[in-house]
4 protein chains.
Amino acid sequence: MAELQQRDPRIERSMVRVRRAALEELAERGWGGFGIESVARRSGVAKSTIYRHWTGKLALVADALETLVVQPVAEPGASADSRSRVEELLRHLAGGMRDSTLSRCLPALIEAAEHDAGVRTLHHGFNDRRRQALVDALADGVAAGELPADVDPEVTALALAGAVIYRRVMTSRPFDVEEVPTLVASVLGGRR
Amino acid sequence: MAELQQRDPRIERSMVRVRRAALEELAERGWGGFGIESVARRSGVAKSTIYRHWTGKLALVADALETLVVQPVAEPGASADSRSRVEELLRHLAGGMRDSTLSRCLPALIEAAEHDAGVRTLHHGFNDRRRQALVDALADGVAAGELPADVDPEVTALALAGAVIYRRVMTSRPFDVEEVPTLVASVLGGRR
Amino acid sequence: MAELQQRDPRIERSMVRVRRAALEELAERGWGGFGIESVARRSGVAKSTIYRHWTGKLALVADALETLVVQPVAEPGASADSRSRVEELLRHLAGGMRDSTLSRCLPALIEAAEHDAGVRTLHHGFNDRRRQALVDALADGVAAGELPADVDPEVTALALAGAVIYRRVMTSRPFDVEEVPTLVASVLGGRR
Amino acid sequence: MAELQQRDPRIERSMVRVRRAALEELAERGWGGFGIESVARRSGVAKSTIYRHWTGKLALVADALETLVVQPVAEPGASADSRSRVEELLRHLAGGMRDSTLSRCLPALIEAAEHDAGVRTLHHGFNDRRRQALVDALADGVAAGELPADVDPEVTALALAGAVIYRRVMTSRPFDVEEVPTLVASVLGGRR
DNA sequence: CGCTAACCGAGACGGTACGTCCCGTCTTTAC
DNA sequence: GTAAAGACGGGACGTACCGTCTCGGTTAGCG
């Protein structure tokens, strides 16, 4: 579905337009409101062309979401101390949750993952990868003695990322970038 | 929509059946798959009767979800020390996320909240109330000197509940009740 | 499909409109050009309503054609001599072939009958009944001695009706009512 | 459309295959069921190639039918007496109506002629030519005194051919070759 | 303890979107 | 230079629900 090196350049052109429109549609209207005919209208690509390239709503959404997910966070200065790296990763997550296509699609993605194995794999895999960066930074800090030995990197990463995600999907006020230091201080303590 | 004091007992009988069927439908098929005609078939109540009592899919779902949300968690021994109360609240949350109607509807609820103000208010309000119990326990601990003074009750509650919710909606493995002590230890530290 | 005594008067109202539009459509556009959506537009009845009452194009056309066929030719003075009755029947046939809904649908009907058993039965049955009136008139004439004994009523009816139909479907000039006497004279002779 | 003197022999080879497939398709599935893509599959010639040589369904069908029509009936012993020539011509017509590609395409041809001027001209022209042979035989018979002077050759030919065609397109039982003498006897009488 | 008003089920209605199929046009690649 | 392959926009197909509506049948509760 995402083959490169297509023979006919029209194919890639259509697919790009459709993927873009699909993400807009998903962000605006959610999983339930998402409609192939609406994507066709929005993208200017005929419905029959969409069905020529994807088997249906699920395949299209899964494919479109994959394009959002390829960039796995630019390297945030690997040389800095681990607490700074953690803060940087959380600022990036919080910033993305405030305003990005992925954040706007997140509720739809959560809902879709619940009922479709393909979306589920995509969604969970992406989150696991993203969280791993946080785990690594925390583990580095523990190894370097910057963080106390009783910090469990896995669980702590969960708590830090969880705070940000919780605010996005469970409350009316997304997590602000400004709040990151408070969060880090509360979870990791003033501890050295 | 949820008027008490119905004159005709048939009305309440129908509404109860429909609400129950609606929750089943929502848990099984999600927000997108939810259909009024399907609820009508499932509940044995005619479609026209459903539309007589609710204005549509959203109103029905919002009303049905309200019935799940009325019991705001029984008081878990307010006299215990605050760390135990925190663990108890998190065990309750984690248990619910592993298996309950509300957990099964959570993705649909998040999705619906994104696009409907009524559901949004309901969802956020419920979460705020639930989280507040955690905040209160943490604040009590800080006030009693059981927890360090640099613990911010609001943010810490967010991190603790967030870890559980994150695992429910962002990963394939929900938070296990057994993991609660590790979580609490990691976030609050072995600290006194 | 043609039940009388419907409960809901809307049903009959819709069906009448659709049948009328279907015949127009069939006459104008032919069997190949006939489209349900076009009938829906023409009749002002929604496509879904059409499919609620007929299983598809074939069933609708067969049903609509049946409404054309119910009137089996008014009694053309049974007391007249048989040659006059024959001429009267042929004038009626020729007139109908020059201008009537049935005539306009005839090519479509012939084509449809070729590929659908239901239409075939309808088409052949109607033609058999119609031709039988001619056979009867000719047989009466032979029995009464008005026509020579060597006239085979079956075959002669075929030749008389065939001349009219042939001109409708095989030539550019339909059979004119004025030509009936010539036809009858040629086939039955000036014979007494 | 039917250019002779093609330069590239591949062209003629493709066109021959397509015409043959088109006639099969037309006979099997009728005018409505006829599809260019189906003809392409059946003939092994690409759809784009078909559209290069014909403007569409109508042009292709009209062209293919022309190939059926070129042979205008071999001369059936012009020296025989006219009654025998009439019977011979009718036997040929009846035989063809029982089993031939042309007969199988006849309903589609009638339907197409109704809506397309090119097909109409072809169809009517062919029928006129074919019927003329019958008219000539009858006129010869009248001139030679073999048939009564009150036989109108035009109208009588119409009745004879009409009987055969009528049975093909209006009834379930095509005209049998065996029935030709009965038909001729009934229409022309035992008359001298 | 019978009437009547409300409530109910059944389902027709005009719509919209689905996913499939074919049309006729157009573009690319292989021979 | 021609053909095969097939993508494209378009539009009809027949299906499934949507939310509105009309229709009788039943049933609760008041008189």
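The expected span is 1.5 Å times one less than the number of residues in the helix. Helices (H or I, at least four residues) and strands (E, at least two) are DSSP runs, numbered from the N terminus. This is a predicted model, in which local features need pLDDT of at least 70 and side-chain atom pairs count only at pLDDT 80 or more, while totals for chains, interfaces and linings use all residues. Residues are numbered from 1 along each chain as its sequence is written, and chains are lettered from A and ligands numbered from 1 in the order in which they are written.

Within H4(B), the buried residues are B:Leu60, B:Val61, B:Ala62, B:Ala64 and B:Leu65. A residue is buried if 20 or more other C-beta atoms lie within 10 Å of its own, exposed if 12 or fewer, and partly exposed in between, with C-beta atoms placed from the backbone. These buried residues of H4(B) pack against H1, H3, helix H6 (101-115) and helix H7 (117-143) of chain B. In chain D, the 13 residues of helix H4 (residues 57-69) should likewise span 18 Å at 1.5 Å a residue, in agreement with end C-alpha atoms 18 Å apart. D:Leu60, D:Val61, D:Ala62, D:Ala64 and D:Leu65 are buried in H4(D), and their cover includes helix H1 (9-33), H3, helix H6 (101-115) and helix H7 (117-143) of chain D.

## Architecture of chain A

Chain A has nine helices and zero strands. Its C-alpha trace spans about 60 × 40 × 25 Å along the principal axes. Of the 192 residues of chain A, 40% count as buried. Among contacts in chain A between residues at least 6 apart in sequence, 65% join residues at least 24 apart; two residues are in contact if their C-beta atoms, placed from the backbone, lie within 7 Å.

## Crossing of H1 and H4 in chain A

The axes of helix H1 (residues 9-33) of chain A and helix H4 (residues 57-69) of chain A come within 9 Å and cross at roughly 95°. Axes are lines fitted to C-alpha atoms, for helices over the stretch in contact, and angles run from 0 to 180 degrees between N-to-C directions. H1(A) and H4(A) are therefore roughly perpendicular to each other. Angles under 35 degrees count as roughly parallel, over 145 as roughly antiparallel, 65 to 115 as roughly perpendicular and the rest as oblique.

On the H1(A) side, A:Arg19, A:Ala22, A:Leu23 and A:Leu26 meet A:Leu60, A:Val61, A:Asp63, A:Ala64, A:Thr67 and A:Leu68 of H4(A). By class, this contact of H1(A) with H4(A) has seven nonpolar, one polar and two charged residues. Ala, Val, Leu, Ile, Met, Phe, Trp, Tyr, Cys and Pro count as nonpolar, Asp, Glu, Lys and Arg as charged, and the others, Gly among them, as polar.

## Contacts between chains

The contact between chains C and D takes 38 residues from chain C and 40 residues from chain D. H8(C) gives the largest share of the side of chain C that touches chain D, 13 residues. By class, that side of chain C has 18 nonpolar, 13 polar and seven charged residues.

C:Ala161 has its place in helix H8 of chain C. With 25 C-beta neighbours inside 10 Å, C:Ala161 counts as buried. Leaving aside neighbours within four places in sequence, C:Ala161 is in contact with C:Leu93, C:Arg131, C:Leu134 and D:Tyr166.

## Surfaces near the DNA strands

Of the 42 residues around DNA strand E, A:Glu37, C:Ser14, C:Ser48, D:Gly35 and D:Glu37 come nearest. A residue is near a molecule or strand if its C-beta atom, placed from the backbone, lies within 6 Å of it. H3(C) gives the most to the surface near DNA strand E, with five residues.

H3(A) supplies the largest share of the surface near DNA strand F, five residues. The classes there are 12 nonpolar, 13 polar and 19 charged residues.
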